[in-house]
Amino acid sequence: MFVFFDDCWNKVPKIGKQPEPKPGIHNSGWMQDPGQPASDNAANSPVLEKYVKDVLKRFANDKRILLWDLYNEPGNSDKGNKTLPLLKSVFKWARQVNPSQPISAGVWRWDLEDLNKFQIANSDVVTYHDYTPEGDHLKTVQFLKMNGRPLICTEYMARPRNSLFGTVLPMLKKENVGAINWGFVSGKTNTIYAWDTPMPDGKEPKLWFHDIFRKDGTAYIPEETNLIKKLTER
């Protein structure tokens, strides 16, 4: 699942060797794409259009690709509706190429009404992010099902927020909703730490935020991996 643009985290990406991770800070090296203020500058449209269309054309019929996630969390980093022009453009460029795979951009914050309306109306598959407990997450699923399109949750699972494999994943399977959790192996992304709770000393938190495996490949919580295997039959 390719992602082209992103409004999350650090504003100005630079070519070359990237900084080392900052100890205990979630996603300390993550960069926005195309960055800020670059995403607001209409003069960048030609090169961004070429980039998007080149990639789409190259892989338009590649069976390894499930879906094109055109823009991750549009409006994040306090951009709000400033992101709407680029969001509309990337959907237009994708439709002009018309790849065989579906296109989408996930809704993630309910007060971004203009963005949400456009994303849901123009996505072949409705994708979304949800880090709430099972009951609240189910309400999101029930609401989004009103659009009559397939659903994939492209981000969930934050243990301290009670968004858990043990509760949310069985519900999503029952509701026939695809599920992709954020975080896999504890590493340089530092996603064992919470977004808003840095630990500059780099010690392991009492409860990991994301991630499933330790660096040596062993499961952080074996019951979780056993459940995933059971529910996915793999």
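Phe2, Phe4, Phe5, Tyr51, Phe59, Trp68 and Tyr71 come together in one aromatic cluster. The model is a predicted one, in which local features need pLDDT of at least 70 and side-chain atom pairs count only at pLDDT 80 or more, while totals for chains, interfaces and linings use all residues. Residues are numbered from 1 along each chain as its sequence is written, and side-chain values use heavy atoms, with hydrogens and water left out.

The structure holds 14 aromatic pairs. Rings of Phe, Tyr and Trp (its six-membered ring) count as a pair if their centres lie within 6.5 Å, and the pair is stacked if the planes are under 30 degrees apart, edge-to-face if over 60 and tilted for the rest. Tryptophan 30 and tryptophan 182 have ring centres 5.4 Å apart and planes at 70 degrees, so this pair is edge-to-face. The two tryptophans link distant parts of the chain, 152 residues apart: tryptophan 30 sits in the loop between strand 1 (2-6) and helix 1 (45-59), and tryptophan 182 in the loop between strand 6 (178-179) and helix 6 (222-232). Helices (H or I, at least four residues) and strands (E, at least two) are DSSP runs, numbered from the N terminus. Tryptophan 30 is partly exposed, with a relative accessible area of 28%, and tryptophan 182 is partly exposed at 24%; here buried means under 20% relative accessible area, exposed over 50%, and partly exposed in between (1.4 Å probe, protein chains only).

Another edge-to-face pair joins tryptophan 195 and phenylalanine 209, with ring centres 4.8 Å apart and planes at 70 degrees. Both residues lie in the loop between strand 6 and helix 6, so the pair ties together parts that are 14 residues apart in sequence. Tryptophan 195 is partly exposed at 28% relative accessibility, whereas phenylalanine 209 is buried at 2%.

Turning to open space, a pocket is found on a 1 Å grid over the protein atoms alone, as an open set of points where a 1.4 Å probe fits, with protein on both sides within 12 Å along at least five of seven lines; its lining residues have an atom within 4 Å of a point. The largest pocket has a volume of about 800 Å³, the volume being the space filled by probe spheres set on the points, which are joined across faces, edges and corners. Its lining has 31 residues, and Glu73, His129, Tyr131, Glu155 and Trp195 lie nearest the centre. Strand 1, strand 2 (68-72) and strand 5 (151-155) each supply at least two residues of this lining.

The second largest pocket holds about 370 Å³ of space. It is lined by 15 residues, with Leu169, Gly178, Ala179, Ile228 and Thr232 nearest its centre. Helix 5 (165-174), strand 6 and helix 6 each give two or more residues to this lining, and helix 5 gives the most, with four residues.

Finally, the cysteines: a search of the whole structure finds zero disulfides, a disulfide being a pair of cysteine sulfur atoms within 2.5 Å. For cysteine 8, the nearest cysteine sulfur is that of cysteine 153, 15 Å away. Cysteine 8 is buried at 7% relative accessibility, and cysteine 153 is buried at 0%.
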